[in-house]
Amino acid sequence: MPVTGVLHTVDAGVAHLTLNRPEALNALTPDQRDLLVELLAGASADPDVRAVVLTGTGRGFCAGADLRGGAAGGERVAGDVARMIRTGAQRLIAAVLDCEKPVIAAVNGTAAGLGAHLALACDLVLAAESAKFIEVFVRRGLVPDGGGAYLLPRLVGPQRAKELMFFGDALSAADAERVGLVNRVVPDAELDKTAREWAARLAAGPTRALALTKQLVNASLDGDRAAAFAAEAAAQEINMTTADAQEGVRSFVERRSPEYRGR
């Protein structure tokens, strides 16, 4: 049976993934989560896709995991919860972090729990003025999942991350921008336009260089200087074999704008 609730289009080198369960504030069912993982992997591997935009319909970006299917109750065997987290929420966040194309989150409304982490895992985060971010787990007596305790301290530092996670207060788009969770806040009516403009710029860029840059930045916080320098040198070696890198150097010498092909 086809999975509903996720819209997928590709236009001018940009894959648009839209969560489409507005009546549930786009809370993710397991099937929708798995489809997102599949679509992100497909975008990563498809040479005709050069950027990804992730957004939602209605008043919510994503209210987190849909718990109404009984995930929060029932008898469990030891190991069930850890397995569910590894193969579910963590796999989704990893799919965003590991996607070889730049991913833009266009946060159109509430981003709560796993939904907040889904947005924050993206490479660039645009937020509508009405958007808000909520570390909702403490309100349910739960420990954050979906890589939240990994992502938040790297974005805002440990003290601020603990404040958000300990209290579970809603963070406005303006405050999210102030503390560094959001790249830019725009009026609601301009969110889609701005996301498309940013995605078009990325899709016109040197795709392999962007992929290697993303990999270097994401890895930089987890290793020491020697490992980071070695990774940088390897990335330079790989990138200089691409047609886009050669075009970039050639266009500089010829004093013209480069025309990147994503190869």
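Against which strands and helices do the buried residues of helix 1 pack? In this predicted model, local features require pLDDT of at least 70 and side-chain atom pairs count only at pLDDT 80 or more, while totals for chains, interfaces and linings use all residues. Residues are numbered from 1 along each chain as its sequence is written, and side-chain values use heavy atoms, with hydrogens and water left out.

The buried residues of helix 1 pack against strand 1 (6–11), strand 2 (14–19), strand 3 (51–56), helix 2 (80–87), helix 3 and helix 4 (114–120). Helices (H or I, at least four residues) and strands (E, at least two) are DSSP runs, numbered from the N terminus; contact means heavy atoms within 4.5 Å. The buried set in helix 1 consists of Gln32, Arg33, Leu35, Leu36, Val37, Leu39, Leu40, Ala43 and Ser44, where buried means under 20% relative accessible area, exposed over 50% and partly exposed in between (1.4 Å probe, protein chains only). Pro30, which lies in helix 1, is partly exposed, with a relative accessible area of 44%. The C-alpha atoms of Pro30 and Ala89 are separated by 9.2 Å, the two residues being 59 residues apart along the chain.

The expected span is 1.5 Å times one less than the number of residues.

The axes of helix 1 (residues 30–45) and helix 3 come within 9 Å and cross at roughly 20°. Helix 1 is therefore roughly parallel to helix 3, a term for angles under 35 degrees. Axes are lines fitted to C-alpha atoms, for helices over the stretch in contact, and angles run from 0 to 180 degrees between N-to-C directions. Helix 1 contributes Arg33, Asp34, Leu36, Val37, Leu40 and Ser44 to the contact, and helix 3 contributes Ala89, Arg91, Leu92, Ala95, Val96 and Asp98.

In helix 9, the buried residues are Thr207, Ala209, Ala211, Leu212 and Lys214. These pack against helix 3 (89–98), strand 5 (103–107), helix 10 (225–239) and helix 11 (243–253). The 14 residues of helix 9 (residues 207–220) should span 20 Å at 1.5 Å a residue, and its end C-alpha atoms are 20 Å apart, which agrees.

Leu124 is located in strand 7 (residues 124–128) and is partly exposed, with a relative accessible area of 23%. Not counting residues up to four places away in sequence, Leu124 touches Val103, Ile104, Ala105, Asn183, Trp198 and Leu202.

Note on methods: Parallel < 35°, antiparallel > 145°, perpendicular 65-115°, else oblique.
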